[in-house]
Amino acid sequence: MKLFVKTFGCQMNAHDTARIFDIMRRAGYARTDDPREADVALVNSCTVREKAWHKAISETGRLRLLKGRARDVVVGIVGCVAEQEGARIFSLIPGVDFVAAPDHYAALPALVEEVRRERSTRALTGFDEGAAGDFLAADTSSAGGSPLAFVTVMKGCDERCAYCIVPTVRGPERCRPAEDIVEEARALVAAGVREITLLGQKVNAYRHGQADFVALLERLDEVPGLARLRFVSPHPRHMAPELTALYGRLATLCESIHLPLQAGSDAVLARMRRRYRAEEYLEVVDRLRRGCPSIAITTDVIVGYPGETEAEFAQTLEVIERARFNGAFSFKYSPRPGTPAAKLADDVPAEEKSRRLDLVHERMERLEREWRASLVGAVLEVLVVQEGRLDGQVGGRARNGQIVNFLAPGGKGLAGLEGALVGVKVTAVHPHSLEGVAV
């Protein structure tokens, strides 16, 4: 039997998809990248923005058409849209067999067999209690030798930002025991992993018993053989001095961080319920850059939030300049059902949102271009994970998050270098990558 999964959204969804393949593999399913071969076809969905919701619904509708074949394919939708919509999916997309929210993935094999046997639809929604076994650890027996891995340290979010649907679809904060996290990291390293990214909706708010996020990072830094450590997504409100001080001190902690800003106006931040001011955010940025001058800081920005004036938007541009971000994801505000912001008038016209988004893009592209140009001549440590942009090249990410391609020394190719840490001198800048030579 074969399983196909189409994944939308963030790194957390990519991690969840890997766990789904682990679970279904143990039930006798093999992975396929061709939905026409599938006995079970799933969409792992995201609903953080309206566009992501539409993509998931559209893709599920297309997979439903597989049911016209002779084979008895089972079609399901999992992820955040599954929790948001529940059984309503069956009226939105007739022909879908089941819905399973993120906390129910362990039940997928039994669920598939039930809907196939009973010829009925099922919807599994709601949240677990965050017990130790509720955090699905990687099956290292099937890790496949990849040098990269994700490890979940917490679920859910209690922050309740006015525009955000995450607490509704991912539930309250639940943290995993530190010892379980460290043990999973050790098992992954033993299976060949060199770099681990810690996952959580508000990852730096982690606390379990006496262990907070700083203590967790310090323990993971001591795992023998672990070369690199990253985490997503932190909240600015929890970037304490003790945490920012780890950059440049812990050998494994990579010199990059994605720190969502969302807006640079205190008034907009207050309406968003972000619970920090722009100057407080900039102080975090200053601490990071003072302690680790080579750090790359990327961010998220929302334009056109309800009530955002031209003057408030200008404050966002000012903060972008002062922070000198190294990259950004920027979006036009879209209301999400059930959030407090959805009750506000979406009063910034669509064309004005587009204009503001273009200005943010222009500002960020200039800052990123200037920063990347400054890297020419620098020697960066690259973890080799893929084929390069050109024939004979291999590539991977530097500690600052940049993709770097270079000619494989000694003609080894990817097979001989995957997982290796190579010093690469940057010689050229391309739109989506750097190029260099091994030194």
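Predicted model: local features only at pLDDT ≥ 70, side-chain atom pairs only at ≥ 80, totals over all residues.
Trainee: What makes S10 and S13 a pair?

Mentor: Two strands count as paired if there are at least two bridges between them. Five bridges join S10 (residues 195-199) to S13, so they pair by that cut-off. They run parallel, and Leu198 stands opposite Phe231 in S13.

Trainee: Which strands form the open sheet, and in what order?

Mentor: Three strands form it, in the order S7-S10-S13, with parallel pairing.

Trainee: Why are S7 and S13 called edge strands?

Mentor: Strand S7 (148-152) and strand S13 (228-232) each pair on one side only. From one strand to the next, the twist averages 25 degrees.

Trainee: What packs on the sheet?

Mentor: Helix H7 (residues 178-190) does, touching S7 and S10. Contact means heavy atoms within 4.5 Å. The direction of H7 makes about 165 degrees with that of S7. Angles here run from 0 to 180 degrees between N-to-C directions.

Trainee: On to the second largest pocket. What is its volume?

Mentor: About 340 Å³. It is lined by 22 residues, and the closest to its centre are Asp16, Pro102, Asp103, Asp134 and Lys155.

Trainee: Which elements give two or more residues to that lining?

Mentor: Helix H1 (11-26) and strand S8 (154-155). The largest share, four residues, comes from H1.

Trainee: How do the lining residues divide by type?

Mentor: Into eight nonpolar, seven polar and seven charged.

How values were computed. Residues numbered from 1 in each chain as written. Heavy atoms only, no water. 1 Å grid on protein atoms, 1.4 Å probe; cavity = no way out; pocket = protein on both sides within 12 Å on 5 of 7 lines; lining within 4 Å. Points joined across faces, edges and corners; volume = space filled by probe spheres on them. Nonpolar A, V, L, I, M, F, W, Y, C, P; charged D, E, K, R; others polar.
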